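Morning, everyone. Let me put the structure up, and then we'll walk through it.

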Amino acid sequence: ADQERWHHAHGSKYVWCTHGDARVCYAPGSFLQANTEAYNALLLSMRRDVPSGSAVSELHAGAGAIGLSLAACEKLNGNEDETSTFSLRCVEIVEAARET
């Protein structure tokens, strides 16, 4: 239903933002934090509190910025290899948010 209200008229169809170490793609119907500086500070704090090798489920994930930020941090810290146990599941029910 949301997608029926959006009509791409000009420019890029998606917006890419960097959150922590992750590049995240947003569609027009996706939720995006208005205060990027505060949001990135929150993500940094979360990355310190989530142990390496965790199994993460992000509910109402939208574009998955939180989970993708955690996954990117795991990879950049050299913790993601063939034996890594880190896993990410993003759950979203809003069709426009799932598009990306």
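I'll cover a hairpin, then a loop residue, then a helix residue.

Ground rules come before the tour. This is a predicted model, where local features need pLDDT of at least 70, side-chain atom pairs count only at pLDDT 80 or more, and totals for chains, interfaces and linings use all residues. Residues are numbered from 1 along each chain as its sequence is written, and side-chain values use heavy atoms, with hydrogens and water left out.

Strands β1 (residues 15–19) and β2 run antiparallel, joined by five bridges. Strands here are DSSP runs of E, at least two residues, and helices are runs of H or I, at least four, numbered from the N terminus. Two strands pair if DSSP finds at least two bridges between them. Across from Cys25 in β2 stands Trp16. Two residues sit between the strands, and Gly20 in this hairpin takes a positive phi near 65°.

How enclosed is β2? Largely, by the rest of the structure, because four of the five residues in β2 (residues 22–26) are buried. Buried means under 20% relative accessible area, exposed over 50%, and partly exposed in between, with a 1.4 Å probe and protein chains only.

Next, the loop between β3 (55–59) and α3 (65–76), where His60 sits. His60 is not a glycine, yet its phi is positive, about 50°. Most residues other than glycine have a negative phi. His60 has a relative accessible area of 64%, so it is exposed.

Last, Arg5, in helix α1 (residues 2–5). Arg5 is exposed too, because its relative accessibility is 62%. Gly29 is 24 residues away from Arg5 along the chain, and their C-alpha atoms are separated by 9.3 Å.
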